[in-house]
Every structure is written in structure tokens, then in C-alpha cells.
Amino acid sequence: MDCWKQDRRNTWIFPTLVLCLYGFFYMMKPSEPFLIPYLTGPDKNLTTEEVTNQIFPVWTYSYLALLFPVFLITDYMRYKPILLLQGISFIITYLLLLFAHGVLAMQLVEFFYGLATATEVAYYAYIYSVVSTDHYQRVTSYCRSITLVAATVAALLGQLLVSLADVSYFHLHVITLTSVSLAFVCSFALPMPQKSMFFHRKDVSEPLPAPEKAAPPLGSDRPSSYQEDKGSPPADRAPTPEQQADNAKPRNQVLRVLVQLSKDLRDCYSSRKLLYWSLWWALATAGFNQVLNYIQVLWDFRAPSHSSAVYNGAVEAIATFLSAVTSFIVQYMKINWDLFGELALGIFSALDAGSLLLMHFSTNIWASYAGYLIFKACYMLLITIATFQIAVNLSMERYALMFGFNNFVALVIQTIITVAVVDSKGLKLDIVTQFLIYGSYFAVIAGIFLIRSICILVSSKCK
């Protein structure tokens, strides 16, 4: 019986199933679309200015501070402990949201939410350490799809409970706390990986393939304990100099990995094609995260929740569904991305800019809702294309590294925007003016890539 259980856990099906359950429950947060009405309502009695200028910026700062160390620790500890940490962070976040009061307490909420966000890398990297490369595409599809389904169901459920059953925002947070607690319980069932992408490989110092030549991740599929047992010296034989050197490796392992990562980054960004896709990724993701962070504040300004019906959940459900559809249709788009890719980045970034400017100039809440749907669908379409264009040219290790670094750059840019535009120590602009800045920001991104695309098209015709 024990052997059967071990064999079951070693297949790709069991960890994928458990990870999908984990992903569903940790994304099943029906209270999320109603955070602003909850914080500014009678439950917490915070002002919009306190939420916008003092509380929300803490998420950006903590996410930025934690992302890089968490990225390294996640790989070193082989993912599962970090998934447990993510579950604990979510539980603390929603316990504080339910029972704590005041600006300082809500800033602490944002810190733990930033920690939970930073640890998301473990969710998307875990599966590649426990399944063979033959199943990468399938399990990636499952894990990403289940999070989109969960987000859609959560937003729709939240809207139905608020509109039809008159459930309070407090009880929505109770449901969310229950869901993330179930995710935490699911994470215990995940098998512990025996390898990781950078620290626990067959040979950390072994160079990875060039960006133009994709290759499967390095490292044996056998457990590391098997490799160690096979190569361990007998008890009555003194260790050789080579084995003594191997014993000294852990002390220099972090330095070796950091040196290797810096070399890999240099090689990745030496490709001009990957450089420009990554540039768009970082710039657009910074703006997207900023809009996502403050869109509820704008909605509450256009239609105050204490005097108007709130449809945030329905809008989020539709936006997530449209995002899933646009991401799905990318596989059927037969386009020469080398020639027209940057034109697509420019055109859809211009649509993003237009939708944000619509939110700024229109006082109608339905126009704001429509603008948000367009904005999110366009971004998700482009980020899917960018992800594919980068991933197809890289090994799994380098893709994970580039993914993490692009998001790190995006967070740096977002932090600069937050400090300058939102924070009480910066310009402290009102929410409507902020969306004028965000729309102008995406207009600049569109201009950069439209000019680039024109240059590419002209040079191709000259050839």
C-alpha cells in the first residue's frame, strides 16, 4: 500500500490536481472587488484619502522589497515551504481585515498581502520541478486556467451575494478567509520537490542554452537523494579531494547562483527582440498593476457605495472572462510577430490609453466600467503574446529568470509612479487626475512602439 501511495505521488497527475485545488481556493476571493466599499464603509470608517495615499502604497513598497529575496529563497527551499508561507500570509491578511481597525493595521494588511503576492512565484514554478518536460504545456494550461476560473466565479459569487442576498462585506471577507484557509490545507498535500531550477540542479555552474535555442530545464528527474547515495563514498574510505571540494560547495552556492543569474540576464537581454518585448512587459505591467490597485477608488468616486448600487463584482467577472477569451485566441493568430509584433503592442497600448482617458473624462460609472473592460482585455491579450514570444526563445530556467526580472523592473517603475503621483509624501493627486496620468503613461508606451514598428516596416521594405 505504501509503495502504491508513493508511486501515485510521483506521477504528474497527483501534484497537478493538488496544485489546481490550491490555485482555485487561493484565487476564490469574493470580497476582493468590494475592498474599497468595505474599507470606507461603517466596518472600518476610513477615508478615501487614507486608503489611497497612506494604505495602498504599502502594498507596492512591500512587494518590491520582498520580490527578489523571495525569488531566491523560493528556489533554494524548493517551492513547497513558500506555498505554505503564502497560505499563512493570506490568512493573516484576512484576519486583520476582519478584526483590526485603523490606518496602521490596514498598512500591516497591505504588507502581508505584498508578501503573499511576492510568493506567487512558487505557485507557477512548483509544477516544473515535479513533472517531466513532456507535461509542461498541459499542466501550465491547467494551473493558469483554474486561477482564471476561480477569479471569475469569486467575482460573480460576490456580486450575487451582495445584490440578491444582501450579504455584508464583512461576511464576504469571512468566505474569503475560509477559502484561503482551505488553500493552506491543500498545500500540505503537495509532494516536496527534489530539485529546483537554480539551486538544486545537477550542476549549478553549467551554462544554460543561448536565448535563441530553447532547451528543457537541467537536472535529473531522479530524486536528489538517489544521486547522493549513488555517489557517496564507503564508510571505511577517506573522501577524495574532489569530494572534499563538493562538500565546500554549499558555502559558495549562493554566490555561484548569483553569478550565473547575472550572466544569464546579460545573455537574455543581448537579444534585441527579447529586449523590446521585455521593455513593453515591464512598462505595461507597471501601469496595469497601478490601475488595478486604484480602479475601485475611481468607481467609488463616480458612484459612492453608500448611496449607489455596487457592481464591481460583475465587472470583474466579465473582465476576467474577457481576459481568458483573449488569452485563448492568441494560439489561433497566425501573424509574423517579428514584423508586426511591435505594431500590435503600439495599437493595443493606444487602446489602453484611450480607455483610461475615457475613465478620466467621463463622469458616468458605466463608461468607467466599459473602459476597464477594454483596458484589461487589451493588456491580457498583449501580455499573453509577450509571454509566448519570450518563452519560445528561452529554456525554462531563463524564462523564469526573465519573468521575475521583468516583473521586478515593473515594480520599480510602479513604485516611482506611486511615490510621485499617489503617496502623501509626493504629489498626492486626486483619483481622477491620477487616471489622466495613467492614460498619458500608456499613450507614451503606444508612441514608443508605434514609432518602433514604423521603423521596422520601413527597413523591411528597403531590404
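**A walk around helix H12**

Start by selecting Pro37, Gln296, Trp299, Asp300, Ala303, Ser305, Ala309, Val310, Asn312, Ile365 and Tyr369: together they line the second largest cavity. A cavity here is a set of points on a 1 Å grid over the protein atoms alone where a 1.4 Å probe fits but cannot get out, and lining residues have an atom within 4 Å of a point. You're in a predicted model, where local features need pLDDT of at least 70 and side-chain atom pairs pLDDT 80 or more, while totals for chains, interfaces and linings use all residues. Numbering runs from 1 along each chain, and side-chain values use heavy atoms, without hydrogens and water.

This cavity has a volume of about 60 Å³, meaning the space filled by probe spheres set on the points. Now colour helices H12 (272-302) and H15 (365-391), which each supply at least two lining residues; H12 gives the most, with three. Helices are DSSP runs (H or I, at least four residues), numbered from the N terminus.

Next, slide along H12 to Trp281. Its ring forms an edge-to-face pair with Phe403, 5.5 Å centre to centre and 80° between the planes. (Rings pair if their centres lie within 6.5 Å; planes over 60 degrees apart count as edge-to-face.) Phe403 sits in helix H16 (residues 396-422), 122 residues from Trp281. Trp281 is buried at 2% relative accessible area, whereas Phe403 is partly exposed at 26%; buried means under 20%, exposed over 50% and partly exposed in between, with a 1.4 Å probe and protein chains only.

For a last stop, select Trp280, Phe288, Phe375, Tyr379, Tyr441 and Phe442, which form one aromatic cluster.

Note on methods
1 Å grid on protein atoms, 1.4 Å probe; cavity = no way out; pocket = protein on both sides within 12 Å on 5 of 7 lines; lining within 4 Å. Phe/Tyr/Trp six-rings, centres within 6.5 Å; stacked < 30°, edge-to-face > 60°.
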